[in-house]
Amino acid sequence: MKKIIIIGGGIAGLSAGIYAQQAGFETEIYEKNSVVGGQCTGWDRKGYHIDNCLHWLTGTKKNTDLYKIWENVGALSNDVTILQPDSFYSIEREGEKITLWKDLERTENEMLALSPEDKKEIKKFIANTRMAESMKMPTEKAMDMMNIFEILQFGMSMGDMGKVVKEYGRINVGELSERFKHPLLKAMIETFMAKEYLAYSLIVSYATFTSGNGGIPEGGSRAMALRMQKRFEALGGEVFTDTNVAKIKIGESQLAAGIELADGRLVTGDYIICACDTDFTFQQLLNVSYMDKKLKAVYDDRKNNPVISSFHVAFGVDGKLEELTETLLFECESLEIGTQTTNRMSLKNYATYGPNMAPPGKTVIQSQFIQYEQDYDYWKALAQDKTKYETKKMAIAKAVRQRIETKFPAYQGKLEILDTWTPMTYHRYCNAYHGAYMSFISTVSSQTTMFSGNIKGLDNVVLGSQWQMNPGGLPTAVIMGKFAVQRILKKDKRKR
Ligand SMILES: Cc1cc2nc3c(=O)[nH]c(=O)nc-3n(C[C@H](O)[C@H](O)[C@H](O)COP(=O)(O)OP(=O)(O)OC[C@H]3O[C@@H](n4cnc5c(N)ncnc54)[C@H](O)[C@@H]3O)c2cc1C
């Protein structure tokens, strides 16, 4: 039986492991952390659970191609309750509030009531969201492995998506917000995701939610990753946690011999799947000379292919904070976070994620602030002095708490700071490039948005992670894990 070594036990690595076991390989996953899941994780603090991934999972609608993949890898099943909140996100400004509801008609009516003068743009926004509900991802085969007929067939299966791309594929979120006249509508469009994203990304994200294909599996992110580990182990695969991989050892004639662990041990295998950050893969595990030219060009062009990260604070709340039903963005006294100054903040209540998120009668809330690559540099420099780094994080957490208490005065003295984390946390935890937990943002000027999983000059090593398709995310990770095994089957001259 041939053996596959997988570096990284995130969603991509676990998916690769499951598909590899199902294809009859002997499979081992090596994960540096003590728990699998990578960026799809959560942790416990002071009796609370801090979920740090799932805001929505694309593919929760039964009978879709993606649902079948999530089902195959054990992430979803009839036994896993899918939470389907009423609203995607709300924003408040100067006493007015607007919500992106699951019910598109309700959103349209609210937008029109708020700003009749924006009727034309509102109608377009709603109509395109409706069309984008037919958006699909390639789940059968990687695009670079499809023939022309398969590519055409895939394109045709997406109905009116072409129209959405035409309307919103050449402007970014910031430019879309400028099309609206009402300041609250402008703010609503501009703040949900970084304004550099193509406007199309916002429409597709919202459409995933309105179509009922973007729910949240009860129990959250860590529980989902652990279900996948269980499936992998039930199929006979082995996971080695707390096992840091230091190098891929190159043998003879374009073949890797195996991996070298940080403790010096060597592990041999027939194939290797790199299911971790691609920058780390080429800079540390291999050699940058193996990096595909297109991918190298994207890393070298930081302006047109940005990545983002976040600063977060989690609070335990003595009470349920029921007035905060989902994610709310509101104006607040100015805050300085990294190199950014903002007078808006977001707040999300995790009460809906299941009964085990907080002790009875309490809840967890989180604030998340977008951080750019210059902020990563800021936190990296600050982290050189641990005391300064910790002091800064705590000072921001207290400032954020004060603003929440101003917004919800009944909760004065009832918020306990549970944890704060920064772009450096993502770097430390997952070797994440510039602290990014998603892949590159496709901007108006991005040239390449998909990257092959094959490595020129190495016949038995393939890539399988979210970094192979912008903008990354959980569905990309699970699909790329599957495709990595398809690449190996092809190299092995097997169909399945
Ligand atoms: C706050 C937040 C919110 C998010 N929200 C969503 C959302 O709502 N929907 C969505 O689809 N996505 C979301 N994401 C993104 C999603 O989590 C990622 O896209 C996905 O988990 C990436 O999976 P991956 O397996 O490709 O990479 P990773 O999760 O990075 O996995 C790589 C693994 O490799 C391991 N590794 C790295 N180096 C080594 C080494 N040397 N040796 C051994 N192991 C190593 C890492 O520890 C990690 O476990 C969110 C992420 C965050 C952080």
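## Strand pairing in the model

Two strands count as paired if DSSP finds at least two bridges between them. The structure described here is a predicted model. Under that criterion, β16 and strand β17 (residues 363-371) are paired in the antiparallel sense, with two bridges. The bridge partner of Lys348 in β17 is Gln366.

## The seven-stranded sheet

β16 and β17 belong to an open sheet of seven strands, ordered β7-β6-β15-β16-β17-β14-β18, in which the pairing is mixed. The edges are formed by β7 (96-101) and β18 (415-421), each of which pairs on one side only. On average, neighbouring strands of this sheet are turned by 30° against each other, direction ignored. In general, strands of a sheet pair through backbone hydrogen bonds, in either the parallel or the antiparallel sense.

Both senses can be followed around β15. Strand β6 (residues 87-93) pairs with strand β15 (residues 328-337) in the parallel sense over two bridges. Between β15 and strand β16 (residues 340-349), the pairing is antiparallel and extends over seven bridges. Leu329 has bridge partners in both directions: Ile91 is bridged to Leu329 in β15, and Leu329 in turn has Ser346 as its bridge partner in β16. β15 and β16 also form a hairpin, with two residues between the strands. In that turn, Gly338 has a positive phi of about 60°.

## The three-stranded sheet

A second open sheet has three strands in the order β10-β11-β12, and its pairing is antiparallel. β10 (245-250) and β12 (266-268) are the edge strands, each with a single partner strand, so one side of each has no neighbour in the sheet. From one strand to the next, the twist averages 25°.

Strand β11 (residues 256-261) is joined to β12 by three bridges, and these two strands run antiparallel. Within this pairing, Glu260 is opposite Leu266 in β12.

## The ligand and its surroundings

The ligand is surrounded by 37 residues, the closest being Glu31, Gln39, Cys53, His55 and Gln466. By residue class, this shell divides into 19 nonpolar, 16 polar and two charged residues. Three helices, α1 (11-22), α15 (423-430) and α16 (474-491), each supply at least two residues of the shell. The shell draws on domain 1 (3-48 + 59-79 + 220-304 + 445-491) and on domain 3 (309-435), so the ligand lies between these two domains.

Which protein groups are 2.9 Å from a nitrogen atom of the ligand? One is a polar backbone atom of Trp56, at 2.9 Å from a ligand nitrogen. Another is an N or O atom in the side chain of Asn431, also at 2.9 Å from a ligand nitrogen. On the oxygen side, a ligand oxygen atom is 3.1 Å from a polar backbone atom of Gly473. The ligand on its own has 1000 Å² of accessible area, and the protein covers 96% of it.

## Backbone exceptions

Most peptide bonds are trans, and most residues other than glycine have a negative phi. Two places in this model depart from that pattern. The peptide bond from Asn470 to Pro471 is cis, with omega near -5°. Pro471 is located in the loop between β20 (458-463) and α16, and α16 is one of the helices that supply residues to the ligand shell.

The other place is Asn63, which is not a glycine but has a positive phi of about 70°. Asn63 is in the loop between β4 (48-51) and α2 (65-72).

Technical notes: Residues are numbered from 1 along each chain as its sequence is written. This is a predicted model: local features need pLDDT of at least 70, side-chain atom pairs count only at pLDDT 80 or more; totals for chains, interfaces and linings use all residues. Side-chain values use heavy atoms; hydrogens and water are left out. A residue is near a molecule or strand if one of its heavy atoms lies within 4 Å of it. A polar contact is a pair of N or O atoms within 3.5 Å; within protein, one must be able to donate a hydrogen and the other to accept it, and residues adjacent in sequence count only if both atoms are side-chain atoms. Accessible areas come from the Shrake-Rupley method with a 1.4 Å probe; for residues, only the protein chains shown count as cover. Helices (H or I, at least four residues) and strands (E, at least two) are DSSP runs, numbered from the N terminus. Ala, Val, Leu, Ile, Met, Phe, Trp, Tyr, Cys and Pro count as nonpolar, Asp, Glu, Lys and Arg as charged, and the others, Gly among them, as polar. Domain bounds come from an automatic or database domain assignment. Axes are lines fitted to C-alpha atoms, for helices over the stretch in contact, and angles run from 0 to 180 degrees between N-to-C directions.
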